[in-house]
Amino acid sequence: MGEDSVTPRLRNMKTLLGIVAGAGASYGIYKLLRGRGEDTEINKADSKNDMVLQPGSLMAKVSGFNVIGRTDSRSRTTEIASSEILSKSPGSLEPRHLSMLLSLLQSSPNPAEKQHVLITLGNAAAFTVNQDLIRELGGLHNIASFLSDPSPDLRVQTLNALNNLSMNIQNQEQLKIYVPQVLELIEMSPVNSDLQLAALRLLTNLTVTDNHQHLMKPSITLLLSLLVVSSEVLQIQVLKVLVNLSSNPDIMDDLVQAQAPASLVLLFDSCTSADVLLRLLTFVVNLQAWRPSAQVAEALRKQQDSLYCVLLDSSSQFHGRLRLLLSHPDREISAQVARLLT
């Protein structure tokens with residue numbers, strides 16, 4: 001991957017290009033689900049908008065709410081509505097209900113109502129039967145059309161709904177066309193925003209198999225840069241995607257050639273949260289499974305800012321930092337470190 005393909009992706013992320021060796025890293029909680037890769041995400045959304053349901057409205061009929069007329073207690077009304085929609089099994093929605101919700105999503109002029117519909121559809125999409133029904137009703141493209149909505153809250157709930165829908169392989173075939181748009185949302189959104197997190201959760205599911213991982217190639221540098229500037233929660237989500245990608249040998253050439261911040265090695269430290277560190281080490285274990293020819297390795301050494309030079313080359317600072325982790329109190333981490341050093 002050349003510089004011409006990397007620069008446009010980072011034009012609007014000046015903070016990422018300005019990374020220095022002392023860049024701070026935040027850390028979060030994560031559980032290694034499947035070893036080398038194949039992380040998936042499922043989202044159960046809560047309704048936090050300020051929508052008031054009107055007596056006799058479609059939302060009241062479909063969602064089975066106890067309808068409360070407009071009062072001054074708007075927050076209380078929303079709280080009751082949210083509680084009831086979460087206590088009602090989304091799996092009990094019938095095809096006609098889903099169809100009505102999808103129609104309302106396009107026709108309603110009320111952003112709060114649209115957001116509530118997206119939450120309802122997203123929760124329903126946690127069930128396989130509804131994932132199929134929503135696809136058959138043309139709902140995937142209907143929902144995805146709100147990825148470009150002006151409202152950040154609507155975009156977040158759109159991503160959450162698509163995230164649950166993407167647990168279905170057939171749905172992924174339709175949703176793959178939105179990967180460039182989702183990547184653009186990550187690039188253009190503020191670092192650590194809810195939009196970035198929701199977008200990365202969707203990409204985690206879309207990269208759980210090898211089928212669509214090639215669509216991520218142009219944004220590997222973006223993901224590596226996010227690792228050193230993002231909060232702990234976002235770090236975990238970025239790593240889930242990177243671990244999935246690194247489990248695919250066909251992506252390896254693109255990974256090792258990608259531009260990477262030198263400060264990436266600073267994350268390999270005993271001060272890093274054990275959960276983050278374990279996933280970082282899993283990523284490197286996957287990378288080390290790649291064996292370049294002497295000629296390819298020599299060519300990569302000339303790219304001083306490549307991931308190969310930062311983490312894999314024998315001259316990298318990474319190896320010295322790795323040895324310091326041999327005495328890490330977490331047994332899983334020390335075992336991974338020993339594996340890397342053998």
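A pocket, on a 1 Å grid over the protein atoms alone, is an open set of points with protein on both sides within 12 Å along at least five of seven lines, and its lining residues have an atom within 4 Å of a point. A volume is the space filled by probe spheres set on the points.

With that in hand, let us look at this predicted model, in which local features need pLDDT of at least 70, side-chain atom pairs count only at pLDDT 80 or more, and totals for chains, interfaces and linings use all residues. Residues are numbered from 1 along each chain as its sequence is written, and side-chain values use heavy atoms, with hydrogens and water left out.

**A pocket and its lining**

The second largest pocket has a volume of about 210 Å³. It is lined by 13 residues, and the closest to its centre are Ala 262, Cys 309, Val 310, Ser 316 and Gln 317. What kinds of residues make up the lining of the second largest pocket? There are six nonpolar (Ala, Val, Leu, Ile, Met, Phe, Trp, Tyr, Cys and Pro), five polar (the others, Gly among them) and two charged (Asp, Glu, Lys and Arg).

Cys 271 is exposed (over 50%), with a value of 65%. The structure holds zero disulfides (pairs of cysteine sulfur atoms within 2.5 Å).

**Aromatic pairs**

A pair of aromatic rings is described by the distance of the centres and the angle of the planes. The structure holds two aromatic pairs (rings of Phe, Tyr and Trp, its six-membered ring, with centres within 6.5 Å).

Phe 268 lies in the loop between helix H15 (252-257) and helix H16 (274-288), and Phe 318 in helix H19 (residues 318-324), so their pair ties together parts that are 50 residues apart in sequence. Phe 268 is buried at 1% relative accessibility, and Phe 318 is buried at 0%.

In the other pair, Trp 290 sits in the loop between H16 and helix H17 (294-301), while Tyr 308 belongs to helix H18 (residues 307-312), 18 residues apart. Trp 290 is buried at 15%, and Tyr 308 is buried at 6%. Helices here are DSSP runs (H or I, at least four residues), numbered from the N terminus.

How values were computed
On a 1 Å grid over the protein atoms alone, a cavity is a set of points where a 1.4 Å probe fits but cannot get out, and a pocket is an open set with protein on both sides within 12 Å along at least five of seven lines; lining residues have an atom within 4 Å of a point. Buried means under 20% relative accessible area, exposed over 50%, partly exposed in between (1.4 Å probe, protein chains only). Rings of Phe, Tyr and Trp (its six-membered ring) pair if their centres lie within 6.5 Å; planes under 30 degrees apart count as stacked, over 60 as edge-to-face and the rest as tilted. Helices (H or I, at least four residues) and strands (E, at least two) are DSSP runs, numbered from the N terminus.
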